[in-house]
Amino acid sequence: MQTSEHLSKQYDSDLDALRSRVLQMGGLVEAQILAAIEGFSTGNRELIDRVIDTELRVNGYEVSIDNDCSHIIVRRQPAATDLRMIMAISKTVTDLERIGDEAEKIARMSKQIHEGDRLKVQRFGEFRHVGNIAVQMLRQALDAFARLDATQAAQVVREDVTIDDEFRAIVRQLVTFMMEDPRTISSVLEILWIAKAIERIGDHAKNMAENVIYIVKG
């Protein structure tokens with residue numbers, strides 16, 4: 001009986017440690033997005049390079065957590081809620097890794113734009129706004145995961161409509177710039193990739209929120 005209880009406590013401890021590392025990974029990715037948006041807005045080369053370098057750490061988290069998920073499944077053969085938790089964690093770290101990819105994409109495109117100095121980024125203040133929405137969605141999704149709060153997760157899912165609307169507004173503005181001055185087409189297309197990356201971050205945050213709902217409600 002004591003052995004069984006000990007194994008159960010160890011199992012719970014393993015799951016708690018796994019969830020904690022997901023949140024650590026989430027914090028790293030959140031900082032990566034913030035730095036990427038700031039780097040795009042200001043041209044700060046140090047920030048941009050930091051975002052690109054951080055990608056290796058994000059990838060390392062994904063590989064390590066995925067391996068631990070596989071080991072727990074093999075050793076413990078979890079069922080019901082525990083199995084849903086592990087499967088959701090695996091999906092969540094995939095979304096976090098892809099958010100990191102999008103942040104790195106923003107940084108690399110920002111480097112090209114600022115090195116080329118072909119278009120004044122300051123014209124596009126909306127990027128800070130839509131970037132803040134994406135970061136807030138990620139933050140809320142991670143908080144919902146930490147507390148297993150399906151209600152808050154549902155709010156994140158609904159928020160995806162807002163970021164999609166903002167993205168479409170930015171696209172309309174960028175098209176207007178290209179029509180007014182065809183010489184800006186190359187630079188505007190680079191900026192469009194950044195807008196799309198931010199929109200994709202929102203999509204992945206929504207996926208993470210849906211994973212929370214899956215854990216709680218099945």
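**A charged pair and its surroundings**

Modeller: Start with D203 and R200, which both sit in helix α6, 3 residues apart, or about one turn of the helix. Helices here are DSSP runs of H or I with at least four residues, strands are E runs of at least two, and both are numbered from the N terminus. The model is predicted, so local features need pLDDT of at least 70 and side-chain atom pairs count only at pLDDT 80 or more, while totals for chains, interfaces and linings use all residues. Residues are numbered from 1 along each chain as its sequence is written, and side-chain values use heavy atoms, with hydrogens and water left out.

Now the pair itself. D203 and R200 form a salt bridge, with their closest N and O atoms 3.0 Å apart. The term means a side-chain nitrogen of Lys or Arg within 4 Å of a carboxyl oxygen of Asp or Glu. Side chains of opposite charge can pair when their charged atoms come close. D203 is buried, at 14% relative accessible area. R200 is partly exposed, at 30%. Buried means under 20% relative accessible area, exposed means over 50%, and partly exposed lies in between (1.4 Å probe, protein chains only).

Next, a residue from the core. I198 is one of those with the most contacts inside the largest nonpolar core, along with I33 and I106. That core has 63 residues. A nonpolar core is a set of buried Ala, Val, Leu, Ile, Met, Phe, Trp, Tyr and Cys residues joined through side-chain atoms within 4.5 Å. The elements giving it two or more residues are α1 (2–42), α2 (45–76), α3, α4 (126–147), α5 (150–180) and α6 (185–217). Beyond its neighbours within four places in sequence, I198 is in contact with I37, I106, F127, V130, G131, A134 and I163. Contact means heavy atoms within 4.5 Å.

Move on to L96. L96 lies in helix α3, which covers residues 80–116. L96 is buried, with 0% relative accessible area. Setting aside neighbours within four places in sequence, L96 touches V22, M25, G26, V29, V58, L138 and M208. From L96 to I33 the sequence separation is 63 residues, and the C-alpha to C-alpha distance is 11 Å.

Two residues of helix α1 come next. E30 has its place in helix α1 and counts as buried, at 15% relative accessibility. Outside the four places on either side in sequence, the contacts of E30 are V135, L138 and R139. Q32 belongs to helix α1 and is buried, at 2% relative accessible area. With neighbours within four places in sequence left out, Q32 meets V51, T54, E55, V58, G100, A103 and E104. Q32 and F177 are 145 residues apart in sequence and 29 Å apart in space, C-alpha to C-alpha.

Back to the charges. The salt bridges number 18. In one of them, R76 pairs with D14, the closest N and O atoms being 3.4 Å apart. This pair links distant parts of the chain: R76 is in helix α2, D14 is in helix α1, and they are 62 residues apart. R76 is partly exposed, at 24% relative accessible area. D14 is buried, at 18%.

E115 and R45 also meet in a salt bridge, at 3.1 Å from N to O. E115 lies in helix α3 and R45 in helix α2, so the pair ties together parts that are 70 residues apart in sequence. E115 is exposed, at 52% relative accessible area. R45 is partly exposed, at 42%. R45 and E115 belong to a network of salt bridges that also links D49 and K111.

Last, the whole protein. The secondary structure comes to 6 helices and 0 strands. From the N terminus on, the elements run α-α-α-α-α-α. The C-alpha trace spans about 75 × 30 × 20 Å along its principal axes. Of the 218 residues, 46% are buried. Among contacts between residues at least 6 apart in sequence, 87% join residues at least 24 apart.
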